[in-house]
Amino acid sequence: MSGYRLSDGGLTDRGTTLRFSFDGTAMSGHSGDTIASALLANGVRIVGRSFKYHRPRGLWGAWVEDPNGIVDVAWNGRTTPNLRATTEPLINGQEVRSVNAAPTAAGDRWRKLDLVSRFLPAGFYYKTFMWPRWERYEPRIRALAGLGRLDPGHEPAADCAQVNARCDLLVVGAGPAGLAAARAAAARGETVLLVDDQDAPGGALRWRGGTIAGSDWRDWAEDAVSTIKAAGGRVLFRTTAYGVYDHGLVCAWRRREAGPDQLWRIRPGRTLLAAGAIERPLTFADNDRPGVMSADAALRYLRLYAVVAGRRIAVATNNDAAYPVAAALAQAGADVSVLDSRDDSLAMAECALAVERNTLPSAALGQEDLTGVLAGDLRLEADTLLVSGGWTPTIHLWRHAGGGLRYDERLAAFLPEGGMPAMRVAGAANGAFGLAAALADGHAAGGDDGPAPPVGEGHASYAIRPAWPDPAGSGRAWIDQQSDVTVKDVALAAREGFRSVEHLKRYTTLGMATDQGKTSNMAGLAAMASITGRAIPEVGTTTFRPPYVPVPLPVIAGRRRGQLFNPPKRLELEGRHREAVAGLREYGGWLRPSWYGADGAAAIDAEARAARRAVGLLDASPLGKIEVIGPDAAALLDFECYNRVSTLKVGRARYVLMLTEAGIVYDDGVVMRLAEDRFIVSCSSAHVAGVRMRLEEWRQDRFDPARVFIHDATAHWATIAATGPKSRDLLEATLPALPRQALDLAHMAVTETALDDAPLRIARVSFTGERSYELSVPQSAAAALWDRLTAGLATLGGCRLGLEALLILRAEKGYPIIGKDTDGLTMPHDLGMTGPMKKREDEFAGRRALFTPQARGADRRQLVGLAVDESAEPLPTGAHGYAPSGGRRRSIGYVTSSYLSPELGRPIALALIENGRERLGERIPLVHLDATFEAMVTSPVAYDPAGMRLDA
């Protein structure tokens, strides 16, 4: 045990003592500690075990870069697995347990696996568990794999809100560069959103300090935050921007103390990445011993938590950044010695401590814990070794957005390359190491061409001499501490042909640990470069993928659980329907009336009869109203639809099908042409989102996006349909101000007018086979229109119409519901629609698939009707027609819809039957469960086959 807490200093609340336990041992910390800082203050060195060999692991870092401090935390009756000890705040009463260890990290029974490590090199899974077969070994290997343990009783609350935000400039990182950029942009009048994963501004200034603009950095930082807020911007701390997605969307995970976490979806005008850099380790024999730690992390623990990492400390470095660490620890009372790989530097010359020049560690001494450092012939006694191998810019989000990289030999790091109009990188993430350079870079990136804020003395420029892994070195030198990848593993991968950086990653699991290679990838690339005789840029980098840090699933899922998993959409007129005693059910994601009245079965029959003999009034608001606008609108719809749309005249409508690229019917609906360059796609209620996405996809893929636009106006309009032979009478009686031309519309015509100063669109389209009018008004006018129309129903013998009666009416006419009367193989000619397929010579979505041998096969299932005796019960939906085959039954199709028709007084059914149209008049056997039936194949149109009722 070496770490300890000073009697004063730090930012923790010494007046608040927090009790917790680690692996069953009682410990204490203070408010403001992280679990990691509290463990270090209590002298804990072994915080976990490595994944493969179960070697002891201590803290390496102090934030998201740490690969070792992964713990399960039980608190308030629930256990959350795999939390980062370095980022998780300490809470009174926490029970912290190490992962991948049994029973404790210090006494892990699996640590003997390290004794057979020579038999478990990289890729040994692929070579060893081959005979007799992998499945025999898999259960045991899976039991040994994994990190933390799930608590089956832990169900996180689904209360993580998701916030959508826009801004002129998004700044990621509130260090010196980010603050300077945000301050400059806000001063220019831009709306700035500044996010940072720390709980206060300043970045590395919080532990490295500095003087800016003639005063303490804190004063300057507070002024920057005030400037941002005064200009209408926002500052979010404890917020990690973890990914950049299509069209510049940035997702951020916000952790809140006084409430559940949030997911922020941010669409900025432009983004500035000022995320700093991550300190790299040095690679030497046994460099994974507990007690070997990042130098910058040790300074962070000292300044923020007053925790000293050890008592006898060696600091090994190849750059200037480690010297302030050595000085601060020596001032805190530690016995500090310095090893530097270089001959000389400005920081070395100003250092008051003795420095061993041209020297770096060759091995860490000790067994379970560090006892000393070997550097060539030099042997140092030390309980802690702090290393600084240089800095790797944090350019993950830049790469998410598609930005390029270049390797900078002077800085020994990959830097952003190229320009992207929507994103820029500044500060250490851009290779501007040192306070003055970071401030200047951020100030310029924020749009201010004046002088950057000046800094005080003592901030030397950054200088580094690369110190990469030595493939010829003795012992095991560790690159990825969590996944147990050594330099020898990289050499083995190279010998076996896995030299591609992506192959190296997957063969050795390098960079696949929970830190995602933040501390290991650069060393791995350098090792492969040295082994294969290539330069580091030639080796390249692996693909950067979101998320930058692991994000809790409840944050991503939001409130989608239980009733909110896929909440039904609600009608504007729901209150009116409830007043009319409607039975509400979900149809296509919408909560809609099934029938009206207490007796559902009787109500359905009565509503169907009323619609056939008088008039029924239906709330059809969920029908799609997707506007397609622009000079190329007709061309886009021609390509998207099976039926040609460009020949449609203004003021007319056409029934269309939409196909997948495989030629399968995706949806049907009506397209209305309101002007030469303006159409409305009225698709089915369940497919509105899908149709909109299809239109948008083809718009961007095949057309000039500046010549055609897609606007989903479904939520804006309420649609009320009056259907039946007295539907015109209803409109005349209740809406006397309607112009005559609206009432005189021909079938499949549409017009726009007004009603009580509200816009009104009337279309003569029908899903029942009766004369019908669809009236669309803004949602704000829906209730008044509904009230006026329902007031006239009784005198005409009409009624409100629910969805169940509508389903009967459309089935009587043989109108299919896509997805119910079709399946994943149904093509348009299976529905009897062959005209466009024969006549159209231009390209449309799915066209080529319609002419394949499979599409033209004689055994395709086609939509037909099925008739049974009038006295029989309706056929069960899902019953299969069959043909005898070798003493067994072979399915030839199935019943898709089946009802007892109130108007016809007999059962009707629709079915997909193999070669159905050739079977008209044929009687076929059917089976459902253990019952058998017989039915005659008929036309799907059971009612008014001539279509005379449309103008009745």
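**Helix packing and an open sheet**

The crossing of H4 and H11 is right-handed (the near helix is turned clockwise from the far one by less than a right angle). The model is predicted, so local features need pLDDT of at least 70 and side-chain atom pairs count only at pLDDT 80 or more, while totals for chains, interfaces and linings use all residues. Residues are numbered from 1 along each chain as its sequence is written, and side-chain values use heavy atoms, without hydrogens and water.

The axes of H4 (residues 176-187) and H11 (residues 435-445) come within 7 Å and cross at roughly 30 degrees. Axes are lines fitted to C-alpha atoms, for helices over the stretch in contact, with angles from 0 to 180 degrees between N-to-C directions. H4 and H11 are therefore roughly parallel to each other (angles under 35 degrees). Contact (heavy atoms within 4.5 Å) involves Pro176, Ala177, Ala180, Ala181 and Ala184 of H4, and Leu435, Ala438, Leu439, Gly442 and His443 of H11. Of the residues in this contact, eight are nonpolar, two polar and none charged; Gly counts as polar.

Six strands form an open sheet of mixed pairing, ordered E43-E44-E45-E42-E36-E46. Helices (H or I, at least four residues) and strands (E, at least two) are DSSP runs, numbered from the N terminus; two strands pair if DSSP finds at least two bridges between them. E43 (750-755) and E46 (799-800) are the edge strands, each pairing on one side only. E36 (residues 616-619) pairs with E46 in the parallel sense over two bridges, and Gly616 stands opposite Cys799 in E46. Helix H21 (residues 727-734) lies across E36, E42 (717-723) and E45 (772-778), running at about 40 degrees to E45.

Notes:
Angles under 35 degrees count as roughly parallel, over 145 as roughly antiparallel, 65 to 115 as roughly perpendicular and the rest as oblique.
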